[in-house]
Amino acid sequence: MRKFMTVLMAAAFTAGIAGVGAPAFAKKEPAKTKMGCIKGKEKWNAGAGKCEKAKLVKKAKKKK
């Protein structure tokens, strides 16, 4: 019985270590550019040396 409990605890411990990563429901980090800016939301400002909010650009409508 002791051996069974020891094996059971060891298996639970190793399973706990293997599952230490991020949970499946955790949000993924947004895609970033080479400079570290969030794609589509930030733009690199070389004068300031940092990422700044990008101005939203409206897409042109299709002509019929």
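Strands β1 (42-45) and β2 (50-53) each supply at least two residues to the lining of the largest pocket, and β1 gives the most, with four residues. The model is predicted: local features need pLDDT of at least 70, side-chain atom pairs count only at pLDDT 80 or more, and totals for chains, interfaces and linings use all residues. Residues are numbered from 1 along each chain as its sequence is written, and side-chain values use heavy atoms, with hydrogens and water left out.

**Pocket**
- The largest pocket holds about 180 Å³ of space; a pocket is an open set of points on a 1 Å grid, where a 1.4 Å probe fits, with protein on both sides within 12 Å along at least five of seven lines.
- Lining residues, which have an atom within 4 Å of a point, include W44, N45, L56 and V57.
- By class, the lining has six charged (Asp, Glu, Lys, Arg), four nonpolar (Ala, Val, Leu, Ile, Met, Phe, Trp, Tyr, Cys, Pro) and two polar residues (the others, Gly among them).

**Disulfide**
- One disulfide (cysteine sulfur atoms within 2.5 Å) is found in the whole structure.
- C37 and C51 form this link, with their sulfur atoms 2.1 Å apart.
- C37 lies in the loop between α1 (2-18) and β1, and C51 lies in strand β2, 14 residues apart.

**Chain**
- The elements run α-β-β from the N terminus, as DSSP runs of at least four residues for helices (H or I) and at least two for strands (E).
- Buried residues make up 2% of the 64 residues.

Definitions and conventions. Buried means under 20% relative accessible area, exposed over 50%, partly exposed in between (1.4 Å probe, protein chains only). Grid points are joined across faces, edges and corners, and a volume is the space filled by probe spheres set on the points.
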